[in-house]
Amino acid sequence: YEMLRSLVGSEMCIRDRQGVKRMQLIFTIINRKGGVGKTSTVFNLAHFAAEQGLRTGVVDLDTQGSASRGLTGEFDIQHDYEGGAIDLLKSGGTAPPSRITANGISVWHGHEALEAVDSDPAVEELAYSSQMKEQLRKLPLDVLFIDTPPAIGLRHVAPLYWSDRVLIPVEPDTEAVIGLQNVYKTLESVKFENPGLVTMIAINKFKSSSKSHKAMREVVEESYGQEVIAVLNDRVAVADCRQEDVPVPVWRYRRANKATKDQWLNFVRAVVL
């Protein structure tokens with residue numbers, strides 16, 4: 001991997017035999033439990049990648065459209081049922097983005113009509129096909145981040161078959177750790193078809209003053225070892241930075257302290273670079 005990066009420089013892409021640029025990395029951000037910080041993670045990862053000059057895309061597979069809202073600033077985007085992630089799924093990975101943000105991030109937005117694909121046999125066949133993974137690789141991007149819903153189903157599982165990396169944000173509490181264990185059960189079957197999938201864990205919303213948080217952190221770190229790449233403290237600024245008139249990543253949010261900015265920068269850098 002390091003040799004490849006030295007050959008292509010900062011442009012994170014490879015070329016096929018016809019010389020066409022192909023996407024190098026697809027990331028899925030996932031947990032079976034909601035509220036663990038998936039959307040904040042996707043939002044900040046996408047901003048960081050774009051700041052590095054990488055052609056960046058986000059597929060929002062959650063009907064709430066939270067990642068789409070934060071990236072585009074469109075408050076009611078979940079009610080725009082035209083295009084977006086649903087078209088990407090139905091087209092087998094060829095549909096263009098529904099939005100391009102001011103800083104150049106391609107967004108396939110999430111909306112409430114996405115639920116329909118969970119019971120659509122044609123979409124299911126495409127989503128689990130080799131065609132889907134191949135077509136996504138041909139998108140004019142360097143990195144693609146996929147935000148998933150917490151409920152098990154096609155939009156939760158299929159992206160794992162397309163991806164190079166899976167990132168699991170987890171809160172240090174019992175329910176979130178159970179959600180983490182459930183994701184690993186899913187990954188066991190996925191890795192038969194996608195053996196190169198790399199797993200990363202970020203312990204999020206950690207309170208150092210909480211005995212239970214410390215205990216759960218120890219459990220996660222002892223159980224999953226080097227797959228834990230970050231421990232992120234519980235800070236209001238992480239949520240507030242997406243509520244600005246012009247949403248900004250944590251490290252550019254004026255009300256975030258230096259420690260929080262540095263912590264998130266180190267985290268996204270470890271994931272993307």
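The crossing of helices H7 and H8 is right-handed, a term used where the near helix is turned clockwise from the far one by less than a right angle, anticlockwise being left-handed. The structure is a predicted model, in which local features need pLDDT of at least 70 and side-chain atom pairs count only at pLDDT 80 or more, while totals for chains, interfaces and linings use all residues. Residues are numbered from 1 along each chain as its sequence is written, and side-chain values use heavy atoms, with hydrogens and water left out.

Helices (H or I, at least four residues) and strands (E, at least two) are DSSP runs numbered from the N terminus. The axes of H7 (residues 154-162) and H8 (residues 174-193) come within 9 Å and cross at roughly 35°; such axes are lines fitted to C-alpha atoms, for helices over the stretch in contact, and angles between N-to-C directions run from 0 to 180 degrees. H7 contributes Val157, Leu160 and Tyr161 to the contact, and H8 contributes Thr186, Leu187, Ser189, Val190 and Glu193, contact meaning heavy atoms within 4.5 Å. Five of these residues are nonpolar, two polar and one charged, where Ala, Val, Leu, Ile, Met, Phe, Trp, Tyr, Cys and Pro count as nonpolar, Asp, Glu, Lys and Arg as charged, and the others, Gly among them, as polar.

Glycine 196 lies in the loop between H8 and S9. With a relative accessibility of 52%, glycine 196 counts as exposed; the classes are buried under 20% relative accessible area, exposed over 50% and partly exposed in between (1.4 Å probe, protein chains only). Glycine 196 is 31 residues from arginine 165 in sequence and 8.5 Å from it in space, C-alpha to C-alpha. Strand S9 itself contains lysine 205, which is partly exposed at 29% relative accessibility. The phi of lysine 205 is near 55°, a positive value in a residue other than glycine. Most residues other than glycine have a negative phi.

The largest nonpolar core has 36 residues, of which Phe27, Leu45, Phe145, Leu167, Trp264 and Phe267 touch the most other members. A nonpolar core is a set of buried Ala, Val, Leu, Ile, Met, Phe, Trp, Tyr and Cys residues joined through side-chain atoms within 4.5 Å. Elements that each supply at least two residues of this core include strands S3 (25-29) and S7 (143-147) and helices H2 (38-51) and H11 (258-272). H2 gives the most, with seven residues. Beyond residues up to four places away in sequence, phenylalanine 267 touches Thr41, Leu167, Ala202, Ile229, Ala230 and Leu232. Another core lies apart from this one and has 23 residues, among them Ala176, Ile201, Val220 and Val228.

In helix H6 (residues 130-137), the buried residues are Met132, Leu136 and Arg137. Seen down the axis of H6, these residues fall within an arc of 135°, so they line one face of the helix; the arc is that of the directions from the helix axis to the C-beta atoms.

Serine 106 belongs to strand S6 (residues 106-108) and is buried, with a relative accessible area of 10%. Its contacts, not counting residues up to four places away in sequence, are Thr56, Gly57, Val58, Pro97, Arg99, Ile100 and Leu141. Glycine 110 is placed in the loop between S6 and helix H5 (121-127) and is buried at 0% relative accessibility. Leaving aside neighbours within four places in sequence, glycine 110 is in contact with Asp60, Asp62, Gly65, Ser68, Ile77 and Gln78.
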